[in-house]
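Please read this briefing with the sequence and the structure side by side. The points after the lead are grouped by topic.

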Amino acid sequence: MIQIPDGNTNMFMDIKTSLFATYLFLIGDSSALSNWTYTENPSIAVLIVLFSLLIVIYLMNLLIGLLSNAIEEDNNRAEILAEIELFYLFPCQRRWKTWFPEVIHYYADADKVREEVQRLIKEDEWDTKEFTEMRNNLLKELKINYDPINNEAIMEKLKSHEKLLKENNNEKLKSYDEKLDKLEELEKLLKEIRAK
C-alpha cells in the first residue's frame, strides 16, 4: 500500500531530475510537486506562486525586449518586402496582388516626414517626374511651400554653372590671346622672310 520513494516519487533527489522537474513546471506540469500537500507545506505553495509570477514576468519582458530590438533594426519594411520579392520568390508569386499590392499604406510621423521632404528639396532630389499628384498632395498636407522655379538648390546649381562658364570663358580667352600672340609672331617672321 505504501509506495517506496524513488527518483520518480521525489524528482528533486537528483540534480538531473530536478532540472527536468523545473522544465516540466515551466510548461505547466506540476506533477513533480504532487507528493507534498500544500496545507502542510505552505512554503511550497509560496514558491510555486513566486516562481510562476517571476518567470512569466521575466520571460514576457525578455520577449518584449527582443521584439522591440528586432523592430528597431528592421524598421524599413518596404525594403524588406522588396528584398523578399526580388530574391526569395518565383516570378509567378511576385504577381500575386494579395501578397504584394501596388500601394502599401503605412502611418508616419508628420514631423519626420516634413524634415525628410525639406531635406530632399534642399538637396534637389525632390523634383522628379514620378507621382507628381501624390507629391503635391503630400506638400499640401505638410503645409510646405515649394516653388520648383525658385528652388534654392536649383538657384545654387545655376550659380555654380555660371561660375564654371565664366572660368571656362576666361580660359578660352587666354588661350585665344596666346594663339593671337603666336600668329602675330608668325606674321612678323613671314614679313622678315619676304623682305630678304
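Helices (H or I, at least four residues) and strands (E, at least two) are DSSP runs, numbered from the N terminus. This is a predicted model, in which local features need pLDDT of at least 70, side-chain atom pairs count only at pLDDT 80 or more, and totals for chains, interfaces and linings use all residues. Residues are numbered from 1 along each chain as its sequence is written, and side-chain values use heavy atoms, with hydrogens and water left out. The protein chain has seven helices and zero strands.

**Overall make-up**

- Along the sequence, the pattern of the protein chain is α-α-α-α-α-α-α.
- Of its 196 residues, 12% are buried (buried means under 20% relative accessible area, exposed over 50%, and partly exposed in between, with a 1.4 Å probe and protein chains only).
- Among contacts (heavy atoms within 4.5 Å) with a separation of 6 or more, 32% join residues 24 or more positions apart.
- The protein chain exposes about 18,000 Å², and carbon and sulfur atoms supply 60% of that area (by the Shrake-Rupley method with a 1.4 Å probe; for residues, only the protein chains shown count as cover).

**The nonpolar patch**

- Phe 20, Tyr 23, Leu 26, Ile 27, Tyr 58, Leu 59, Leu 62 and Leu 66 make a nonpolar surface patch of about 840 Å².
- Patch residues have over 30% relative accessible area and no salt bridge; like charges are joined within 9 Å, and nonpolar side chains (Val, Leu, Ile, Met, Phe, Trp, Tyr) within 5 Å.
- A salt bridge is a side-chain nitrogen of Lys or Arg within 4 Å of a carboxyl oxygen of Asp or Glu.
- Helices α1 (15-26) and α2 (42-73) each supply at least two residues of the patch, and α2 gives the most, with four.
- Leu 26 lies in helix α1 and is partly exposed, with a relative accessible area of 45%.

**Helix α6**

- In helix α6 (residues 132-142), the buried residues are Arg 135, Leu 139 and Leu 142.
- Viewed down the axis of α6, these residues fall within an arc of 75°, so they line one face of the helix (the arc is that of the directions from the helix axis to the C-beta atoms).
- The face turned away from the buried side of α6 carries the exposed residues Glu 133, Met 134, Lys 140 and Glu 141.
- Helix α5 (110-122) is included in what covers the buried residues of α6.
- Lys 143, which follows α6, has a positive phi, near 55°.
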